[in-house]
Amino acid sequence: MWSRKASQTSASPRWDRFLWLAAYTQLISRPSEATLAWAAERRRELRPHLAGPCARFPAVSLQARRGDKCNSANARMRPQHSFSCGGLATYLPALRAIRHAYGSCALRVATDGRSLIEELESGALPELEGWHVLYHAFNRTAHEAQRCEPMPVCQWIEYRREKLGIDTAGMGFSLAADLHLLAGGGVFVGQFDSETGRIAYLRMAARLGLAPPFWHYQSTKERARAWHPFTRRPRMWAEV
C-alpha cells in the first residue's frame with residue numbers, strides 16, 4: 001500500500017517542488033533541545049502494551065484545533081468552523097477508515113482543547129481502547145476561547161496578552177512539541193486550513209519522502225483533499 005502511494009505521488013509534475021517545500025519546512029521548524037526536553041517531561045502514553053504491536057503500522061497523527069474557533073461569537077461569524085467544537089467522536093469515522101485501510105492502531109494527538117484530553121484519559125470512547133495513544137499533558141487554559149473585543153481578532157495568539165491578559169510565553173513550547181509529535185506519524189487527520197496542520201503534514205512528508213495519506217476536516221464535512229502549497233486551492237494528493 002505504501003509503495004503504491006509513493007509511486008502515484010511521485011508521478012505528479014509538482015512533486016519535486018512539494019518535496020522541496022516539505023524539506024525546507026522540516027529544516028526551519030526543527031525542535032530545539034529545550035523543546036525536546038519540554039516535550040519529554042510532558043509526554044503521556046495510554047495503553048503502552050500496544051506500542052510494540054502497533055509500531056508495525058503507520059501511526060495516525062490527529063490534529064484537533066479548538067481554541068478561538070469554539071467561541072460562540074466566532075462560530076456565528078464563521079459557521080464553516082462549527083465542527084471544531086465536537087468531541088473525539090467527530091474523528092471516529094476517519095480512524096475507522098484508516099484502520100481498515102492500513103491496520104493503524106497508534107494515535108498521536110495534538111490539540112489545544114482540554115476537553116479532548118479529558119475524553120482520552122477518561123476512556124469515554126470504548127472504540128479507542130484498541131489504540132496506543134501519545135499526547136502532551138500541559139495546562140491548556142491559555143488556548144481556550146474567551147469573550148473579548150473585537151472578535152475574532154482578539155482571540156489570536158499575538159493579541160491574547162494585550163486583550164485577555166494571558167501570559168502566552170509558554171505557548172510556543174506546546175506548539176513546537178505538538179508539531180514534533182505529529183511529524184512522527186504516517187497518516188494525517190486534521191485541518192489544512194490551519195497553519196499547524198499544514199506544517200505538520202509537510203514535516204511528515206519530508207520524513208517519509210512521500211505525501212502521506214490524510215483525512216482533511218473542512219467545514220462540517222470530511223473531505224479527502226489537500227491544501228495546495230502553490231495555488232492555495234484543494235488538490236488531490238492522496239486519500240484514505
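A residue counts as buried when its relative accessible area is under 20% and as exposed when that value is over 50%.

**Figure 1. Overview of the chain in the predicted model.** Where contacts join residues at least 6 apart in sequence, 73% of them link residues that are at least 24 apart.

**Figure 2. Close-up of a nonpolar patch on the surface.** The patch is formed by W20, Y24, L27 and I28, which together present about 480 Å² of accessible area. One of these residues, W20, belongs to helix α2, which spans residues 15-28. Because the relative accessibility of W20 is 57% and exposed residues are those over 50%, W20 counts as exposed.

**Figure 3. Close-up of the crossing between helices α3 and α9.** Helix α3 covers residues 33-42 and helix α9 covers residues 171-183, and their axes come within 9 Å of each other while crossing at roughly 80°. This angle falls in the range of 65 to 115 degrees, so α3 is described as roughly perpendicular to α9.

**Figure 4. Close-up of the residues that meet between α3 and α9.** On the α3 side, the contacting residues are A34, T35, L36, W38 and A39. Their counterparts in α9 are F173, S174, A176, A177 and H180.

Terms used. Residues numbered from 1 in each chain as written. Predicted model: local features only at pLDDT ≥ 70, side-chain atom pairs only at ≥ 80, totals over all residues. Heavy atoms only, no water. Patch = residues over 30% accessible without salt bridge, like charges linked within 9 Å, V, L, I, M, F, W, Y side chains within 5 Å. Areas by Shrake-Rupley, 256 points an atom, 1.4 Å probe, with all protein chains shown as cover. Salt bridge = Lys/Arg side-chain N within 4 Å of Asp/Glu carboxyl O. Helix = DSSP H or I, 4+ residues; strand = E, 2+ residues; numbered from the N terminus. Buried < 20%, exposed > 50% of the residue type's maximum accessible area, 1.4 Å probe, protein only. Axes fitted to C-alpha atoms, helices over the stretch in contact; angles between N-to-C directions. Parallel < 35°, antiparallel > 145°, perpendicular 65-115°, else oblique. Contact = heavy atoms within 4.5 Å.
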